[in-house]
Amino acid sequence: RGDGAGQAFITKAWFEMEFEFSSAAKQLEAEQAKRKEEAAQRLRKQREQRALQQREREERERLQLERKLAAEQAAESERLEVEAKLELNRGTYFSQRYKVEVSCKAIEKGISRHKDKISLPRSAEHVLSPARRNGALCFEVAAGSKRTHSMLLDFSAAEGKVELPPHVAGCLSEPGQAAPDHVTVSYSLLQEGVFARLQPISSDFQKNVIDLEASLLQTLKGHATLTEGEILDVECEGVCYQVRVLELRPSPQVKVIETDLEVEIAPSVEYEDRIAEEELARRRAQEAAARLAAERAQREREEREAAEARLLQEAKEKAIQRDAALDRLLSVACELLAPRSAAVEPQDAPHLIEQFLEDDVLSGTGAAEYPSQSCELILEVAATGQRLHRVFDETADCSVLHTFVRASVLLHELKRLSRQDAGGMNDANEKAMSLICEGFQLVMGFGLASKKIQNGACSLRSEGVGRREKILVKPLS
């Protein structure tokens, strides 16, 4: 027993040590997995950071390259522009940005063409000296998208400034606004003008200005240059009229000194606006008329389609009514002809009933001539307007007379309903149907002496039917 207890103790101790080793191994594996995950996360973050830095570096390089290319393109464009202007201006290039100062110096000096004479600073004289061989110095004055042209007055402006007359400053700003703060002045070799097309703003210009030639000549004497789109002020009898320069030849900007200028006056802006408004109103009226016509046509088409649909529906309803009435009449015909025909087809019913009506048994007479004991009856069917004439034996049952009336009215309605052009049911047809299907009464005589002939086995003689009698057929209702 002692050996057994020792062996059990050793086994238990061994299992405890195995469990501890297993737990320690699992803990070590978990710690190793955690360290691997952390290392992998650090590696991913480093890779993402390097990728981000790479993208930022590429973006900076791309922007730098774009700026460099843009600068090169701008420099190349400027170089080409300079070369073009050098060629156009016969070897002279001048373009400077100046601060604007509005001045009336030309008016004060008594210069006749004072409206577009500008003063530049003394520093510009040296650059422009070679251009004097081309004649009078002319310039393009630009502020944003607005441009006009002028001629040099002198080089007396302060450095960094250009003195503009009010007319030039007004051409570079919107109506009612102040002159721009800065402008770009560029030397421009202008051609002599040969043609100008002018357009008055107001329609009163042609009405009130009597001597157009003198007024325009006086106005043009105040200008040394003209630019397409420029507004000129024409004064006449104390009234100032504005005139726009529409077209110039040989170029959109010309000088007008020492040249013969042909001037053409176009219709005024107000007139053209009025014509445009009238044309717009006419076009709108045409569009409205066309729209109304289209709407009317659409409405008429819809009404026509609705009417056709309504007629079609009515035709269907009439056909249904006719078929229903025909079915009812065929049912009555089957009942009436039951002793003779097992089944009655719609196309055979009228012929069979005609034979039924011609049967001598129905009339109660068998001789070729009327027997002495016979009565000639005239029956008026109020529901259908029929007038029936038949000779009956006085000894015949009254039921024979009722059967004759029923068959005659039935034949009349079957023929009407079998026609292709038969319409729907009207009041008279409804009364006839009621007479056939629901019954009728035979009235002999009128007023207080009228007598109803009952349907039964009693004879015509016993009912008091005379030799020649008129009988009215009325529905029971």
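Predicted model: local features only at pLDDT ≥ 70, side-chain atom pairs only at ≥ 80, totals over all residues.
Modeller: Phe 139 stands opposite Tyr 187 in S6.

Biologist: How many bridges join S3 to strand S6, and in which sense do the two run?

Modeller: Two strands count as paired when there are at least two bridges between them. Here, S3 and strand S6 (residues 182-187) run antiparallel and are joined by four bridges.

Biologist: In which sense do S3 and strand S4 pair?

Modeller: S3 pairs with S4 (residues 146-157) in the antiparallel sense, over six bridges. One of the partners in S4 is Lys 146, which is bridged to Ala 143. Two residues lie between the strands of this hairpin, where Gly 144 takes a positive phi near 70°.

Biologist: Why is strand S3 said to be largely enclosed by the rest of the structure?

Modeller: A residue is called buried when its relative accessible area is under 20%. In S3 (residues 138-143), five of the six residues are buried, so the strand is largely enclosed by the rest of the structure.

Biologist: How many disulfides does a search of the whole structure find?

Modeller: A disulfide requires two cysteine sulfur atoms within 2.5 Å. The search of the whole structure finds zero disulfides. For Cys 104, the nearest cysteine sulfur belongs to Cys 171 and is 14 Å away. For Cys 236, the nearest is that of Cys 240, 11 Å away.

Biologist: Is Cys 236 buried or exposed?

Modeller: Cys 236 is buried, its relative accessible area being 14%. Cys 104, at 35%, is partly exposed.

Note on methods:
Residues numbered from 1 in each chain as written. Heavy atoms only, no water. Buried < 20%, exposed > 50% of the residue type's maximum accessible area, 1.4 Å probe, protein only.
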